[in-house]
Amino acid sequence: MDGATVGSPGQRPGVIGQRAPRPPPCPPKSPQCSVVSWECSMCPLCCPPRCHCCHSKHQPTASPPDAPPAPQDSQFSLSPSPLSQNLKDVLASMIPKEQARIKSFRQQHGSTAIGQITVDMVYGGMRGMKGLIYETSVLDPDEGIRFRGFSIPECQKLLPKAAGGEEPLPEGLFWLLVTGEVPTPEQLSAAITALNSESKFARAYAEGINRVKYWEFVYEDAMDLIAKLPCVAAKIYRNLYREGSSIGAIDPNLDWSHNFTNMLGYTDPQFIELMRLYLTIHSDHEGGNVSAHTSHLVGSALSDPYLAFAAAMNGLAGPLHGLANQEVLLWLTDLQKELGQDVSDEKLRDFIWNTLNSGRVVPGYGHAVLRKTDPRYTCQREFALKHLPKDPMFKLVAQLYKIVPNVLLEQGKAKNPWPNVDAHSGVLLQYYGMKEMKYYTVLFGVSRALGVLSQLIWSRALGFPLERPKSMSTAGLMQLVGYKSGIRPGSPASERQPSSSPGQAELTQEFLHRGRRSWSPLALQS
Ligand SMILES: CC(C)(COP(=O)(O)OP(=O)(O)OC[C@H]1O[C@@H](n2cnc3c(N)ncnc32)[C@H](O)[C@@H]1OP(=O)(O)O)[C@@H](O)C(=O)NCCC(=O)NCCS
């Protein structure tokens with residue numbers, strides 16, 4: 001959409017200007033056209049973004065019944081106009097108010113201390129150090145994730161669903177993450193867009209746009225990326241596992257997840273429901289996790305959203321983060337290979353201890369912040385109990401749930417012995433035939449785009465600066481806290497004797513040798 005035309009009818013003018021009034025609603029001409037009916041327009045199958053009759057967008061004629069209010073503990077208190085149907089319009093009206101709210105908060109509390117930094121925190125991966133603003137979700141150690149204040153069960157209840165479906169639509173979650181409001185059905189359809197793939201932010205930046213407009217171009221890139229990701233991910237799947245077959249065409253009458261499962265080549269309605277749930281619950285987990293923090297950091301350098309998201313994906317690929325779901329399935333497969341089906345609790349305990357004693361972690365258990373069972377685990381378990389209670393792999397996962405926490409408690413190292421999201425997801429995917437474990441992190445990435453990109457829009461809208469924490473050397477830190485010890489290699493230069501670096505020539509040779517190996521012209525050509 002053209003950035004110069006934001007603002008909705010019946011709404012205060014946005015920062016940029018006012019849009020031309022929309023055409024008045026026309027009565028439906030066919031029984032399928034239900035744009036003016038709230039009940040039927042819950043259904044994205046018969047209510048595509050454009051009206052069947054006149055092929056234009058309508059304003060709804062009535063307010064949605066029981067539009068749920070933002071929860072009490074919501075992080076976000078600015079309500080957009082209930083009639084706004086365009087996400088960018090809604091943002092344009094919210095951003096100035098939020099900027100003003102934060103400005104006044106900082107004027108009053110800018111120098112209020114909010115914590116102490118200990119030496120352990122500096123060495124401990126900054127755990128517990130309050131050092132980031134991340135608006136879209138907050139993780140409670142006991143309760144788990146809340147998306148704009150809503151828990152997973154609340155999202156499952158309140159977010160729009162597909163016709164006949166019971167799981168939330170991820171598009172609705174994206175709207176919630178961006179605006180802090182549960183979307184109305186019309187707003188939901190507006191979140192589905194297909195645009196081109198070049199970064200509009202990078203282009204606009206090169207042309208020298210004013211920084212107050214950054215968010216608009218980041219928004220455009222975010223929408224493009226989210227629209228294109230299922231196609232890219234499905235093509236990867238088809239190329240790797242389905243002999244390069246076509247992903248087919250996007251069906252504008254279907255929701256984002258349904259289209260994605262079609263492109264992957266799956267048609268089971270239960271799998272489509274699973275995908276809606278999966279893509280919703282993997283989207284966001286506040287700002288400090290590796291993928292969210294990476295996109296936040298890279299984005300803070302004003303790298304465009306494509307680059308920031310790609311960087312996040314490289315973090316997600318680590319086995320302690322997104323790859324853990326693949327690790328879980330590999331571990332379960334090894335377990336079954338070694339012990340067979342119907343394993344006794346005793347044998348399972350031994351297997352878990354063997355894993356720990358060989359210096360490995362039990363994948364799918366533990367968390368840096370959570371201190372209880374991950375609600376994302378729980379909702380997947382409920383899905384399994386409903387749809388695949390007799391699946392042998394699910395039964396094994398359920399049996400492990402009773403045993404692993406006790407073993408981890410007995411070992412006494414892990415601060416959280418309970419399962420996380422990754423302990424369950426692979427089992428569900430493979431039940432419906434998606435057995436290619438290496439692909440699971442790609443799926444996770446498609447979902448994570450919803451969270452990190454909605455935050456990226458707000459990061460630019462709120463003018464967050466370049467992220468640049470202060471690092472210290474051990475020597476400097478010891479000096480800071482008054483610790484006296486012998487001289488270490490990193491201690492201040494003034495305390496050390498100059499050295500003649502006798503190994504330098506060998507080091508130069510090794511660099512050259514390794515460089516020749518990996519940068520041969522042949523390697524570059526392939
Ligand atoms: C997620 C994870 C990386 C969090 O790490 P963390 O914040 O350092 O966790 P803790 O503070 O509880 O770690 C304390 C110790 O317990 C160990 N620990 C934590 N979870 C463990 C697990 N599932 N199995 C075995 N040991 C575990 C840690 O490795 C650490 O050991 P160390 O002191 O020898 O280094 C960790 O729990 C883990 O490796 N889990 C398995 C991988 C996984 O499921 N990742 C997905 C997370 S959503």
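**Figure 1. R276 and E273 share helix 10.** Helix 10 (residues 269–281) holds both R276 and E273, which sit 3 residues apart, about one turn of the helix. Helices here are DSSP runs of H or I with at least four residues, strands are runs of E with at least two, and both are numbered from the N terminus. The two side chains meet in a salt bridge at 2.9 Å, N to O. By salt bridge we mean a side-chain nitrogen of Lys or Arg within 4 Å of a carboxyl oxygen of Asp or Glu. R276 counts as buried because its relative accessibility is 6%, and E273 counts as buried at 12%. The cut-offs are under 20% relative accessible area for buried, over 50% for exposed and partly exposed in between, with a 1.4 Å probe and protein chains only. Elsewhere, salt bridges that share partners join K88, E216 and E220 into one network.

A word on the model before the next views. This is a predicted model, in which local features need pLDDT of at least 70 and side-chain atom pairs count only at pLDDT 80 or more, while totals for chains, interfaces and linings use all residues. Residues are numbered from 1 along each chain as its sequence is written, and side-chain values use heavy atoms, with hydrogens and water left out.

**Figure 2. E98 and R101 pair within helix 2.** Side chains of opposite charge can pair when their charged atoms come close. In this view the side chains of E98 and R101 form a salt bridge, with 2.9 Å from N to O. E98 and R101 are separated by about one helical turn, because they are 3 residues apart in helix 2 (residues 87–109). What is the relative accessible area of E98, and is this residue buried or exposed? E98 has a value of 1%, so this residue is buried. R101 has 37% and is therefore partly exposed. In total, the salt-bridge rule gives a count of 15.

**Figure 3. K200 and D224 form a salt bridge.** The closest N and O atoms of D224 and K200 are 3.3 Å apart. D224 lies in helix 8 (residues 214–241) and K200 in helix 7, so this pair ties together parts that are 24 residues apart in sequence. Helix 7 covers residues 200–206. D224 counts as buried because its relative accessibility is 0%, and K200 is buried too, at 17%. The side chains of K200 and D224 are also listed as a polar contact, at 3.3 Å. A polar contact is a pair of N or O atoms within 3.5 Å; within protein, one must be able to donate a hydrogen and the other to accept it, and residues adjacent in sequence count only if both atoms are side-chain atoms.

**Figure 4. The ligand sits among 19 surrounding residues.** R127, V362, G364, Y365 and K415 are the closest of these residues; a residue is near a molecule or strand if one of its heavy atoms lies within 4 Å of it. A polar backbone atom of Y365 lies 2.7 Å from a ligand nitrogen atom, and a polar backbone atom of A414 lies 3.3 Å from a ligand oxygen atom. On its own the ligand has 850 Å² of accessible area, and the protein covers 75% of this. Accessible areas come from the Shrake-Rupley method with a 1.4 Å probe; for residues, only the protein chains shown count as cover. The shell is made of 10 nonpolar, 5 polar and 4 charged residues. Here Ala, Val, Leu, Ile, Met, Phe, Trp, Tyr, Cys and Pro count as nonpolar, Asp, Glu, Lys and Arg as charged, and the others, Gly among them, as polar.

**Figure 5. N416 reaches the backbone of W418.** N416 belongs to the loop between helix 16 (392–411) and helix 17 (422–431). Its side chain reaches the backbone nitrogen of W418 at 3.1 Å. N416 is buried, with a relative accessible area of 2%.

**Figure 6. The loop between helix 18 and helix 19 holds R468 and M472.** Helix 18 covers 440–461 and helix 19 covers 474–480. R468 counts as exposed because its relative accessibility is 64%. Between R468 and A301 there are 9.8 Å in space, C-alpha to C-alpha, although these residues are 167 apart in sequence. M472 is partly exposed, at 43%. Together with V119, Y123, L480, V481 and Y483, M472 makes a nonpolar surface patch of about 630 Å². Patches are made of residues with over 30% relative accessible area and no salt bridge; like charges are joined within 9 Å, and nonpolar side chains (Val, Leu, Ile, Met, Phe, Trp, Tyr) within 5 Å.
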